[in-house]
Amino acid sequence: MDNLINLLNHKSNFTIVTNTNQRQVIATNSLTPGDIIGPSDGLPAENVLDPVEILKCSDVAREVLSIGSSCDKGDGSDKDEQQRIDKEKMAFWIALAVMGREAEQRQQQSIKKRKHADTSKDHTTKPTQQQVHDAYLLSLPKEGPDPCCWSKEERDTLLQGTPLSKQINTTLKQIEDEYNRVAKSVDEGIKLPPFSINGQGIFPSVLWARSMHISRSFPRSLIDEEGVWWQGRKKYQPPSESVDTEKDSNIAALDDSTTVLSVRLGGYRAPIITTSSADQSKEEESKPPPQPSEEDTKLPSQPQQSKQHTPGANLGILIPLMDMFDHKNAHPVQWESVYNPSTQTRSIRFRSCVNIKEGDELYNNYGPKGNLELLATYGFAIHNNVLDSVEGIVLGISIPNSEDDEEETVRYQAQVELVREYDMPHRIDKDKGEFGVLFLGPFSLHRKLPSSSDHDGEDKPQDDSSEGEGVIPDELYRALSIIGLENVEEGPMVSIDEMEILKEVLTKKLEGFGTASSVNSKRSRDTSSSAADQLMRVESVEAYKDGQRRLLQLALAELDSLMLGNGGDDEVEVTT
């Protein structure tokens with residue numbers, strides 16, 4: 001870590017402090033909105049670990065990419081596209097693990113030579129790309145933070161019965177299958193080396209590389225405007241917010257030819273991405289900054305592809321030093337990519353959006369994420385996370401026998417038309433039930449988010465005194481009304497029966513998260529991880545479970561309130 005800081009963090013305004021295995025980025029002087037965080041001239045983009053360049057230059061990565069798969073002969077379907085991306089991910093993770101092993105080897109060689117080194121040499125020269133990459137890889141923790149890198153005992157102890165347990169086991173199986181497929185097919189001349197991370201074997205080393213990548217990556221658009229704007233998707237979109245013109249006007253002066261791509265995060269919205277140049281600023285300096293359109297504040301539902309795909313273009317980049325900042329919900333921060341065409345150079349920098357005192361911790365914002373996503377990707381969760389959601393709520397309609405029951409068939413056809421009219425997520429499983437089942441969903445539960453005007457950047461617990469308000473989305477009530485359709489002429493309606501169906505589904509989900517328990521009772525006996533790491537995992541899993549329990553309890557209270565307030569009628573009035 002010290003070597004990486006010496007190479008990159010000169011003339012900076014923060015330092016790295018390590019406490020009980022946890023690193024914190026601390027401001028060494030006060031900052032105001034608009035100030036640059038880190039080196040004043042930013043981090044040169046050439047020091048970024050870019051999957052596109054690594055997949056081009058790494059022998060083992062090129063070999064993995066050359067291995068045939070079903071997607072190479074496919075018809076361009078979503079499945080083929082996903083298989084291609086999976087192969088590129090595996091190639092990059094293997095290459096990253098190999099780079100980590102080679103960095104360790106060069107470090108050992110350097111230690112042997114250091115006794116004879118000339119210490120009078122000038123160390124102010126610009127570091128090479130390999131020096132920066134080696135220092136970065138050697139500074140990374142030797143254990144991956146996400147649950148795929150936890151021991152089996154820890155996963156079984158902490159995640160048992162939760163949807164995350166099944167998700168992690170499925171992910172591990174997919175990664176291992178892809179790795180085994182690649183390992184068996186690699187050419188004899190490019191054998192996968194017997195490298196080891198933290199004394200572990202080949203496959204765990206790939207899991208380590210994957211964990212470092214998914215938990216630390218930034219969008220590739222920071223070094224390539226044609227790259228993916230944002231990694232991943234989020235089903236529940238926070239509302240868009242207008243730009244604070246007073247804060248956004250505090251921008252450093254640009255050179256005549258400089259172009260700046262800015263990714264602004266803060267509040268509970270999706271990031272706002274804008275591009276500005278000095279010429280544009282001169283022309284419009286008298287005009288107020290434009291308000292972001294609805295499309296500007298939404299995450300793309302699918303990665304945008306160019307006609308000729310470049311391997312690695314869909315993968316996030318690793319930015320040495322700048323990935324050390326911890327996450328803080330709703331924290332305002334701005335990432336910038338500065339390109340100067342006259343010198344053909346690019347740099348990456350962070351800009352403060354709030355006042356920061358000397359000695360305060362500096363934070364990043366990983367985006368609007370609930371605890372399920374935080375825990376699965378980064379290995380931690382936040383107590384009282386207002387972005388929490390309960391995913392995977394599915395309701396079913398039995399498909400009738402069209403030959404024997406004409407009335408039920410007419411009703412079912414009307415239900416299908418309503419599903420289409422509402423553009424409701426659904427699937428048909430012909431293997432379920434007697435004649436198949438039409439499944440509606442998946443749906444999610446989530447709290448109403450606080451408005452930005454009432455939010456100062458701190459995480460605030462949601463007031464549960466308003467139990468039962470707003471956690472069940474309108475779309476889920478519409479699904480209940482479709483299930484409750486009895487008379488085609490009268491249309492859809494929600495009755496007590498449909499409410500009971502949803503209560504049963506939610507109650508079953510709630511049982512999977514158990515009851516709140518003490519931290520010590522969940523401590524694993526596995527000694528492969530440090531006590532501090534184990535404690536953080538236990539606390540994070542409990543925060544995740546607690547958030548799920550709260551939302552489910554609020555939803556059940558909402559249903560009880562509607563059912564008790566109907567005055568004894570079978571039908572329940574629901575406004576959507």
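**Reading the model**

Analyst: Phe439 is buried, with a relative accessible area of 17%; buried means under 20% relative accessible area, exposed over 50%, and partly exposed in between (1.4 Å probe, protein chains only). This is a predicted model, in which local features need pLDDT of at least 70, side-chain atom pairs count only at pLDDT 80 or more, and totals for chains, interfaces and linings use all residues. Residues are numbered from 1 along each chain as its sequence is written, and side-chain values use heavy atoms, with hydrogens and water left out.

User: Where is Phe439 placed, and which residues does Phe439 touch?

Analyst: Phe439 has its place in strand S13. Helices (H or I, at least four residues) and strands (E, at least two) are DSSP runs, numbered from the N terminus. Contact means heavy atoms within 4.5 Å. Not counting residues up to four places away in sequence, Phe439 touches Val394, Leu395, Gly396, Pro425, His426, Arg427, Asp429 and Lys432. Leu395 is 44 residues from Phe439 along the chain, and the C-alpha atoms of the two are separated by 5.6 Å.

User: Which peptide bond is cis?

Analyst: The bond from Gly441 to Pro442 is cis, with omega near 10°. Pro442 is found in strand S13, which spans residues 437-446.

User: How many helices and strands does the chain have, and what share of its residues is buried?

Analyst: The chain has 15 helices and 15 strands. Of its 576 residues, 47% count as buried. Among the contacts in the chain with a separation of 6 or more, 76% come from residues 24 or more positions apart.

User: How is a polar contact read, and what joins the side chains of Ser211 and Asp146?

Analyst: A polar contact is a pair of N or O atoms within 3.5 Å; within protein, one must be able to donate a hydrogen and the other to accept it, and residues adjacent in sequence count only if both atoms are side-chain atoms. The side chains of Ser211 and Asp146 are joined by such a contact of 2.5 Å. Ser211 lies in helix H8 (residues 202-216) and is buried, with a relative accessible area of 0%. Leaving aside neighbours within four places in sequence, Ser211 is in contact with Gly144, Pro145, Asp146 and Cys149.

User: Is His213 buried or exposed, and which side chain does a polar contact join to that of His213?

Analyst: His213, which also lies in helix H8, counts as buried because its relative accessibility is 5%. A polar contact of 3.1 Å joins its side chain to that of Trp93. Beyond residues up to four places away in sequence, His213 touches Pro51, Phe92, Trp93, Leu315, Gly316 and Leu318.

User: How can one tell which side of a helix is buried?

Analyst: One looks at the arc, which is that of the directions from the helix axis to the C-beta atoms. In helix H3 (residues 59-66), Val60, Ala61, Glu63 and Val64 are buried. They cover an arc of only 160° around the axis, so they are on the same side of H3.

User: How many disulfides are found?

Analyst: A disulfide is a covalent bond between the sulfur atoms of two cysteines. The criterion is a pair of cysteine sulfur atoms within 2.5 Å, and a search of the whole structure finds 0 disulfides. Cys57 counts as exposed, at 57% relative accessibility, whereas Cys353 counts as buried, at 6%.

User: What is phi of Gln344, and where does Gln344 lie?

Analyst: Phi of Gln344 is near 55°, a positive value in a residue other than glycine. Gln344 lies in the loop between strand S8 (333-340) and strand S9 (345-352), and is exposed, with a relative accessible area of 65%. Asn384 also has phi near 55°; Asn384 is found in the loop between helix H11 (371-378) and strand S11 (389-398) and counts as partly exposed, at 26% relative accessibility.
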